[in-house]
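I opened this notebook to record what I looked up, one element at a time.

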Amino acid sequence: MAGLIHPEDLETVRERSRIEDVVGASVQLRPAGGGALVGLCPFHDEKTPSFRVTPSKGFYYCFGCGEGGDVISFVQKINNMGFTEAVEYLADRVGLQLRYTEGDGAPRHEPGLRMRVLEANQLAAEFFARQLSSPDAVEGRVFLDQRGFTREHAEHFGIGFAPRGGRDLLNYLLEKKFTKDDLVKAGLVREAGWDFFQGRLVWPIRDAGRSTLGFGARRIFDDDRMPAKYLNTPETLVYKKSHVLYGLDLARQPIGKKNQAVVVEGYTDVMACHIAGVDTAVASCGTAFGSDHSRMIARLMTSDALAGEVVFTFDGDAAGQAAALKVFSSDATFSAQTYVAIEPGGMDPCELRMSGGDAAVRELVARRIPLYRYVMKNTLERFDLDRADGRLAAVRAAAPLVASVRDVALVSGYIRELAGLVGMNPDEVRGEVQRANRRKTAPDARPSGPPTPTEQHAPGQHAPDQPAMVPLPDPGDRRLATERGVLKVVLQQPGLFPPDWGGIEADDFFHPAYRLVFETLAATPRGEAGFAQRVVSALADPVAAQLAVALSVEPLLAEPNATYAREYAARLRLARVLREIGDLKSRLQRTNPIEEQAAYNRMFAQLLELETRRRTLQAMAVGEPA
């Protein structure tokens, strides 16, 4: 089993993967002066370009939504890949065979295979789409027509038809110079040489970057030898069912813009939602919606994911109730921001659109209710609320649901709501919720020992549930302009500063994020090139890492030189001295010079010393001799 990617190979991937080429495949870039490029951000909706790529630094940064990083993090974000997958994708792109520092050291797959699989999938998708117009696909066209889908809809979603011949796709792709082994590894052909999909309607499953990862196929012929109604691509190098969502390619930007995702159960449900105007709909493929899927969606939400909505559409029957309970209990991220939309008659979005039109689908989502409330209602229904012991048992069963809501401001309202549903005093209910909270946070309820990482993360990138350590400073805060300006010069032109950084110290920075960035860069070897990249890699805090990226690409106010750097450093040190003078004068005013003469005299001497330093730094800050 291969382990972590060798650090030297990570650097080689970054060096060979020109960020302007990789980003340019997804974003239309134009020159912006100073060697930088700008374009419309692919991660949020905007009309004026605020997305900036700086090839000389190897960074991208959006001044609109704050997304930024290097070429690897861009591939991660745009394709919803993990760090290792993104590195392997880029390594295939530049023809580099990766080495691994643990395990047997063997690569996980031969170089270039990922790109060949993606190319084969794309050609297969185009082949299937053409076949939908063939005489043999009449059953498939009837299936779509009966559900209210037109030819234009089929083209928009890329729906195709897999011929019944058994080897049609194999022969077509062999002519395109693919090997049978490649096609087997892509999940398009079986070991025996038969096409994996035969005589079925086919939906391409794409990632957020519109690369075709696999397919979902629906049975339409009664004599189909495969009994399953739906058949999905088997697990492959690029298709992992717990990491893909159907419709993500179309829903990516709407999810970010609206801060909402609607999770449905089938391909035709996704189609019905999008056609009806619910363009944030996605569906899991051959597996239940899980924590990996929720993290994929959270990455697409451009504002606070806790303020976003994930709306699940479940049937109103017992199976739907069980699914809702499973979702609620399966992942800690499902709490107050998660909703359910239940159609009372048990219809799914596709059936609802057929019977009630587009407006009915939109109304279904609009009538969503909080998942916790739906689960709580179903929990309470199990108890006899006419009996005192039944009411107490119901509250004890529902208390952990209320305790799981992360927005503390909502908890009091939920407690009152629960009290009203069961007919108990709110104080009694609050006591049970508090007990549930204590059980949840008890030491023995937490896992022992540090968490074990399961995936290599990008430098500066935390595990998905690891909290940020520092707040992000406001770039427009004029009180912190000198701190931001100094760090921009240091990260972009470190060679202008002497070894001691012009006397700058970490305590010269008032904001904790700026201080953390400086502490890290001060401990980072300057080297010949790539200093900013090394600083970002060394930052474990994701907020500070994003800040360092921004500072590395923000334009400087003037063309810097050694004098400019020396004066800027003096201004930063002067700001700290002025703060210390202000603090000391405040203490002097509160100190009685008669009763506390020794302390007063000591502080007065310190003030004289600070005033001397102030005059020296003021002179240095304007280029005068000290």
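**Ground rules.** I am working from a predicted model, in which local features need pLDDT of at least 70 and side-chain atom pairs count only at pLDDT 80 or more, while totals for chains, interfaces and linings use all residues. I number residues from 1 along each chain as its sequence is written, and side-chain values use heavy atoms, with hydrogens and water left out.

**Helix H6.** I took helices (H or I, at least four residues) and strands (E, at least two) as DSSP runs, numbered from the N terminus. In H6, residues 138–146, I found Gly140, Phe143 and Leu144 buried (under 20% relative accessible area, with exposed meaning over 50% and partly exposed in between; 1.4 Å probe, protein chains only). They lie on the same side of H6, because they cover an arc of only 95° around the axis, taken from the directions from the helix axis to the C-beta atoms. The face turned away from that buried side carries the exposed Asp145 and Gln146. I then noted that the buried residues of H6 pack against helix H7, strand S7, strand S8 and helix H11, where contact means heavy atoms within 4.5 Å. Just after H6, glycine 148 takes a positive phi of about 80°.

**The sheet.** I traced five strands forming an open, antiparallel sheet in the order S1-S2-S3-S4-S5, counting two strands as paired if DSSP finds at least two bridges between them. S1 and S5 stand at the edges with a single partner strand each, so one side of each is left without a neighbour in the sheet. Three bridges join S1 to S2, and glycine 33 stands opposite alanine 36 in S2.
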